[in-house]
Structures are given as C-alpha cells and as structure tokens.
Amino acid sequence: MSGGGTSTATSRSAAEYRIEDLAHASGATVRTIRAYQDRGLLPTPERRGRANVYGDTHLARLRQIADLLDRGYTLASIKELLEAWDAGRGLGGVLGLVAEVHGPWTDEQADRISRDELNRRFGGTQDDQAVAEAVELGVLEPIPGRPDEFLVPSPQELAVAVELHGAGVPLTAISGHLRELRGQVEHIASRFLEFTTEHVFARYLGHRPPTDADAAEAAELVRRLRPLAQQTVDAELARAMRTFATRHLQHHLGADTSLDSAPAAGEPRPVLLPPDTIGAVQQLVGPQNVAAFVAAAAEREVQARTLDTLTTSHAESRQVDQIG
C-alpha cells in the first residue's frame with residue numbers, strides 16, 4: 001500500500017500537458033510549439049496513443065526560449081545555446097553576460113508625466129500630432145489603461161525638447177533634429193561595439209556558446225567598458241562644440257571680428273569670404289590656387305588705391321598752387 005501511495009504522489013507532482021494546455025501555460029501558440037519541435041528546440045514529447053504528452057521540462061524550455069528571444073537572440077543561436085545546455089555545458093555564464101549587456105547603460109531613472117503637465121510644459125496648447133511623434137520616437141511611452149499619462153524613459157531628453165521649444169524652435173523641427181541625431185549616434189554606437197568586439201571580445205568568441213568562465217569574464221569587461229562610450233562621446237562633443245561654436249559666432253559677427261587675441265603685428269590672420277566668391281575663384285584658377293589668387297588680388301587692390309591717393313593728392317596740390 002505504501003508503495004502504491006508513493007507512486008500516486010509522484011505521478012501527481014509531475015505535471016502533464018496536452019499541446020493546447022502547454023500553449024495556454026506558456027503563452028506560445030500551438031503552431032509555435034510545433035514549429036519549435038520541428039527545429040529541435042523542444043525535447044520530443046511522450047507519445048500516448050494518438051496524443052503527445054508534454055511535461056514541466058517543455059514548459060520551462062518554452063519560457064527560456066521566450067526570454068532569449070526578448071533579449072534579441074535568433075532561433076538559430078538559441079538552438080546552439082540549448083544544445084550546449086543539453087550536452088552538459090551550463091548557460092549560467094552566458095545568461096549573465098546577456099543580462100549585463102541588456103542592463104541599463106545610464107544612471108537616469110524613467111519618470112511619468114500627465115497629459116496636462118505635458119501640455120503646460122510646451123506652452124499650454126494640446127498638440128496631438130507632436131505627442132504621436134514623441135511616442136513614435138520613444139520619447140514618450142503610453143501606459144496601458146491610463147490614456148492621460150505617459151512614461152518618460154529619458155527625462156533629460158524631454159527637458160531638452162522643452163527648453164528648445166521655449167527658445168522658439170518648432171516641435172516639428174525638434175522631432176526632425178532628434179531623428180537625424182539618433183541615426184548619427186546609432187552609427188557611433190555601432191562603430192564602438194565593432195571596435196571593442198575586434199580588439200577586446202574577439203578572444204571570447206572562439207566557443208559557441210562561450211564557456212561559463214569566458215562569459216563571466218566578458219560580463220565583467222562589459223561592466224568596466226560600459227561608461228567609456230559615453231565618456232568618449234561627451235569629451236569629443238565638448239571639443240567639437242567649442243571649435244564649431246567659435247567659428248559659427250565669428251561668421252555671424254563678421255569677418256573682421258575675432259574672439260581670440262589679436263594676432264601680432266606682421267602675422268597673417270584669417271579672413272572669411274562668401275562661399276559664392278570662393279566658388280567663382282575656384283572656377284577661375286582651380287582649388288589649389290585660391291589662396292594665392294586672393295592674396296595677389298588684395299595686394300593689387302591695395303597698390304591701386306595707394307596710386308589713386310597719390311594722384312589725387314598731387315592734383316589737389318597743383319590746384320592750390322594755381323589759385324595762389
């Protein structure tokens with residue numbers, strides 16, 4: 001009797017699912033489960049008569065696949081990871097690396113904002129099109145069940161938009177600028193990742209998937225390198241802004257205005273010329289001779305004006321002598 005009781009308890013503790021029940025428990029569709037079976041992502045179910053019977057291992061595997069898909073893995077790479085798992089190689093290090101890469105890349109905390117507060121910050125006028133563009137760009141995220149409230153992933157980004165709008169920049173121009181800037185920043189991020197992968201992480205990619213030890217060391221490197229991308233961009237942006245802001249201001253204040261100390265006597269100084277003038281000179285003498293041509297033309301003009309002054313002074317002197 002006792003043996004039979006133990007057998008019954010054991011059978012009840014091991015959950016069994018029909019494919020429809022497994023789909024309901026996992027959130028996957030029946031079609032998806034069958035597709036995973038065909039690709040070898042799921043263990044073969046037990047066959048009983050005309051039906052397949054699934055267990056907790058299948059449910060756990062489906063949830064694991066869903067998690068890896070959410071993290072950006074392809075089904076092909078997931079299959080390699082799971083095969084390594086089944087062969088006795090742990091996934092702990094790999095999943096730790098995945099978690100590190102998907103962790104926050106900024107200390108900024110998300111915030112919430114009501115529709116009324118959003119309108120107030122942007123001048124008190126409701127602009128549904130601007131809100132829709134902000135949602136499309138991810139500056140605002142709708143909150144399910146709360147149509148009059150938004151999640152703000154980056155309060156700093158929203159604050160910049162508020163300041164620009166307050167300075168007179170139209171919302172459409174702000175959205176367009178953000179789209180352009182995002183494309184350029186994504187290019188920088190891609191190049192930084194390519195650079196670090198080539199020179200830092202390449203040694204960890206010899207195994208597919210990497211061993212637990214390699215994955216753990218790579219995760220530690222991610223933690224150390226995480227702030228470097230932003231620090232580099234901040235430093236280079238500050239340098240570029242100083243350089244170009246100075247040139248931009250000099251251009252608008254006038255060619256004869258210098259924001260730096262005046263050059264010493266006898267030293268050459270830059271002179272800004274209109275682009276149309278530079279283009280015309282290039283057509284006349286070629287790009288390589290522009291500087292020499294402008295210098296020669298300026299010198300000739302100075303000499304001509306000097307001769308004109310001397311001639312005028314001589315003529316005035318003769319007139320005075322004749323009157324006298």
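The exercises below work through a predicted model of one protein chain, each with a solution in steps.

The model is predicted, so local features need pLDDT of at least 70 and side-chain atom pairs count only at pLDDT 80 or more, while totals for chains, interfaces and linings use all residues. Residues are numbered from 1 along each chain as its sequence is written, and side-chain values use heavy atoms, with hydrogens and water left out.

**Exercise 1. State how many helices and strands the chain has, and what percentage of its residues count as buried.**

Solution. Begin with the secondary structure, in which helices (H or I, at least four residues) and strands (E, at least two) are DSSP runs, numbered from the N terminus. The chain comes to 13 helices and six strands. Next, take buried to mean under 20% relative accessible area, exposed over 50%, and partly exposed in between (1.4 Å probe, protein chains only). By that cut-off, 23% of the 324 residues count as buried. Finally, with contact meaning heavy atoms within 4.5 Å, 54% of the contacts between residues at least 6 apart in sequence join residues at least 24 apart.

**Exercise 2. Work out which strands make up the open sheet and in what order they stand.**

Solution. Three strands form the sheet in the order β4-β6-β5, with antiparallel pairing. The edge strands are β4 (111-114) and β5 (141-143), each of which pairs on one side only. Two strands pair if DSSP finds at least two bridges between them. For β4 and β6 there are four bridges, and the partner of D111 in β6 is V152. For β5 and β6 there are three bridges; across this pairing, E141 stands opposite L151 and I143 stands opposite R146.

**Exercise 3. Explain why the buried residues of helix α8 line one face of the helix, and find what they pack against.**

Solution. The buried residues of α8 (residues 128-137) are A130, V131, E133, A134 and L137. Seen down the helix axis, these residues fall within an arc of 160 degrees (taken from the directions from the axis to the C-beta atoms), so they line one face. An α-helix has 3.6 residues a turn, so residues three or four places apart point the same way. On the other side of α8, Q129 and E136 are exposed. The buried residues pack against α7 (115-121), β6 (146-152) and α10 (171-201). To finish, look at both ends: at the start of α8, a side-chain oxygen of D127 reaches to within 3.3 Å of the backbone nitrogen of Q129, and just after the helix, G138 takes a positive phi of about 85 degrees.

Definitions and conventions
Polar contact = N/O pair within 3.5 Å; in protein donor to acceptor, adjacent residues only side chain to side chain.
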